[in-house]
Amino acid sequence: MTTPGRAFAYAPAPESRSAADIAPSYGLFVDGRFAEAADGATLKTVNPATEEVLSEVAVGGEADVDRAVKAARKAFKAWSALPGAERAKYLFRIARLIQEHARELAVLETLDNGKPIRESRDVDLPLVAAHFFHHAGWADKLAYAGFGPNPRPLGVAGQVIPWNFPLLMLAWKIAPALATGNTVVLKPAETTPLTALRFAEICVEAGLPPGVVNIVTGAGATGRAVVAHPDVDKIAFTGSTPVGKEIIRTVAGTGRRLTLELGGKAANIVYDDAALDSAIEGIVNGVFFNQGQVCCAGSRLLVQESVADEVVAMLTRRLGTLRLGDPLDKNTDIGAINSAAQLDRVKALAAAGDDEGAERWTAPCAIPAKGFWFPPTVFTGVTQAHRIAREEIFGPVLSVLTFRTPAEAVEKANNTPYGLSAGVWTEKGAKALWTAQRLRAGVVWTNTFNRFDPASPFGGFKESGFGREGGRHGLGAYLNV
Amino acid sequence: MLSVFPADPAEVTSSEAALARFLHGLPGIDTVGAQARAAALGTRSIKNEAKAFAIDLALAVIDLTTLEGADTPGKVRALCAKALHPDPSAPDTPRPAAICVYPDLVAEARQALGATAVKVASVATAFPSGRASLDVKLADVAEAVRDGAHEIDMVIDRGAFLAGRYRRVFDEIVAVKAACGDAHLKVILETGELATYDNVRRASWLAMLAGADFVKTSTGKVATNATPPVTLVMLEAVRDFHAATGRRVGVKAAGGIRTTKDAIKYLVLVHETAGPDWLTPDLFRIGASGLLNDLLMQRRKLATGHYSGPDYVTVD
């Protein structure tokens, strides 16, 4: 018999781990085949939720990168000469295979990255497939995309992607490159290489000609080798601003094309006339999605003073319902931080918040004994002068600032070295537009946050980088126009 | 909590203008956001002991309902027997919270239920349209209460609400509440006819300010009845009303909830919106007729490991 009012404890509902088949070791994927690194070097990839070693992957050196670039160069001739409709067939095939293997890929992504299965299943994988479908559609219509009657591919694209959305970032890079007739050498992140390697197998299954896609795993040195290779025509990088600056120095003067998608410190502006319940969801989604490890995360909440107390009270109540734990559990809202190193950075910046006098509130989540975890955290009483209001934390930490007028909101929102994204919450359309027009950010969401679509260009201002991915603008970055 | 709520609640209802100002000053509802939130909560995966808990809770919050023109005393007696012995082979099965009938069948239901804890709820106030004079509505309520109804489900005057005559709706609820005496009052907003979530939030506050013990989504007699987003908005309203006044008001989702899966989604909505305190028949109800048997079949499947089919539960 039910006891009224008893806590409704959700029993564990784990997704089956066996959906993903992980080999004990993986080689580099070059010229359509897997092979060990020339010097036999390897690294281990771990499950951040358990610290268990998942697999061992090869570390590509300069010789391996050179082999991959040569394979891509060789494949470029035939690939770029294919009619767009033929390239589209391969992309459609890859998109469908991704859909067919969605469950497996979602489990693999969650194991390797630590993100909750509900996010890899409901957000990452559908978007990955959508990016390939979208760009498959463009492949035979490039002449009508506004770049002139015969836009040409650039050649070999060297692509370096981060660990926060391993497969989605791969899709953002590879889909437009292939659709426009380029070939690719991609280096996935050191901590999250597994889905990229599974993607390589999908390319084989799709019958993609050897050399069109090459995956070279490894750490920073491997990435540097890709960026520095003289026969690469275009570099696309998503990652931290310091690494982005290093890449600019490497590429400067070489005539090679470059797009950079770097850090962010997005302002999420909540006016007092906002639909507050939805705004709370938007704040939560803005900064706690993927444990806050999102370059466009809404990590600075700018809330109008007249509703600040109410919003903070609503927010902390809502955060009390977030469920932190086993990322494979379908009811988990907050998963693990990707690595021990990243957890240390988040802890250090949160400690800086304490030192500077901001008030810390921590969601009442039990922290598992093993793995890398950081509970959802809110700092109130934050000002523009605090480090936690200026530096990208890349973790589940929200800084709450207040403002009194729209002009002040815009001034504070723009007062940052970054400019990747921003959010505006108001029920007044004119005010939303007025604000959006004045925000210096690549994406401004109104009454929503962290929403992505392959048709919508994404990219930054200032230290958040340059170039756009997605949409027509994203195609331009891979075409000689 | 809610910054627009004044220290003295009487200020809010002091005049038509004050009432309109307050209701229109409530934070808006973003349609897309509300639907997305309700959908996200609908993806919770409720398994094993959590599912067993949810099934028993769902059974305990049902208002087992028959509201047909063709209802007979015999039909009501059968429904009451079903409420008392939902699953004759599993005596530990929770009973529904109430039997919900038309006023002329209240006496029949009271007699059939005897001294058990199962309540008798009755729809009154010219249900389902509510298009009658206040005198007629009050007489309707009086008859149901006289015959022993523990709970009255009234409909609001949607015409007056949509015309912005909030004071009229308010006064009518106050009058019905007075006519209820000790009976609990559930106020049916008929959200399918209110058209917007903003209206649902305003109507919820209006009913609560007028003394409702429950706010209820629907009569079950229009095209769109209870939906998860509408219920979400009402749960937010009762949560905010509690924060502002300290008084807990219940929510009843009615119409179209037929499967265990659906019922569990509503329980998750309650749990994560208003909070675990609302997971009791005192503060949450599901108005349904077909749901009971699906819950019984799922309950038995959980207990025995296999699915026994519709012939293993009673038809009425």
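Tutor: A helix here is a DSSP run of H or I with at least four residues. Keep in mind that the model is predicted.

Student: What makes residues 48-60 of chain B helix H3, and which Asn lies in this helix?

Tutor: The cut-off is at least four residues in a DSSP run. Helix H3 of chain B spans residues 48-60, and Asn48(B) lies in this helix. So the run meets the definition.

Student: Where is Asn290(A) found, and why is Asn290(A) called buried or exposed?

Tutor: Asn290(A) is found in the loop between helix H9 (276-288) and strand E13 (300-304) of chain A. Buried means under 20% relative accessible area. Asn290(A) has 0% relative accessibility, so Asn290(A) counts as buried. Phi of Asn290(A) is positive too, about 55°, although this residue is not a glycine.

Student: How do you know which peptide bond to Pro128(B) is cis or trans?

Tutor: Look at omega. From Phe127(B) to Pro128(B) omega is near 0°, and the bond is cis. Pro128(B) sits in the loop between strand E3 (119-124) and helix H6 (134-146) of chain B.

Student: Which residues touch the most other members of the largest nonpolar core?

Tutor: Ile98(A), Phe132(A), Leu170(A) and Phe199(A), out of 105 residues. Helix H5 (residues 166-179) of chain A gives the largest share, eleven residues.

Student: What does Leu170(A) contact, leaving aside neighbours within four places in sequence?

Tutor: Among its contacts are Phe132(A), Ile161(A), Leu186(A) and Phe199(A).

Conventions. Residues numbered from 1 in each chain as written. Chains lettered and ligands numbered in written order. Predicted model: local features only at pLDDT ≥ 70, side-chain atom pairs only at ≥ 80, totals over all residues. Heavy atoms only, no water. Core = buried A, V, L, I, M, F, W, Y, C linked by side-chain atoms within 4.5 Å. Buried < 20%, exposed > 50% of the residue type's maximum accessible area, 1.4 Å probe, protein only. Helix = DSSP H or I, 4+ residues; strand = E, 2+ residues; numbered from the N terminus. Contact = heavy atoms within 4.5 Å.
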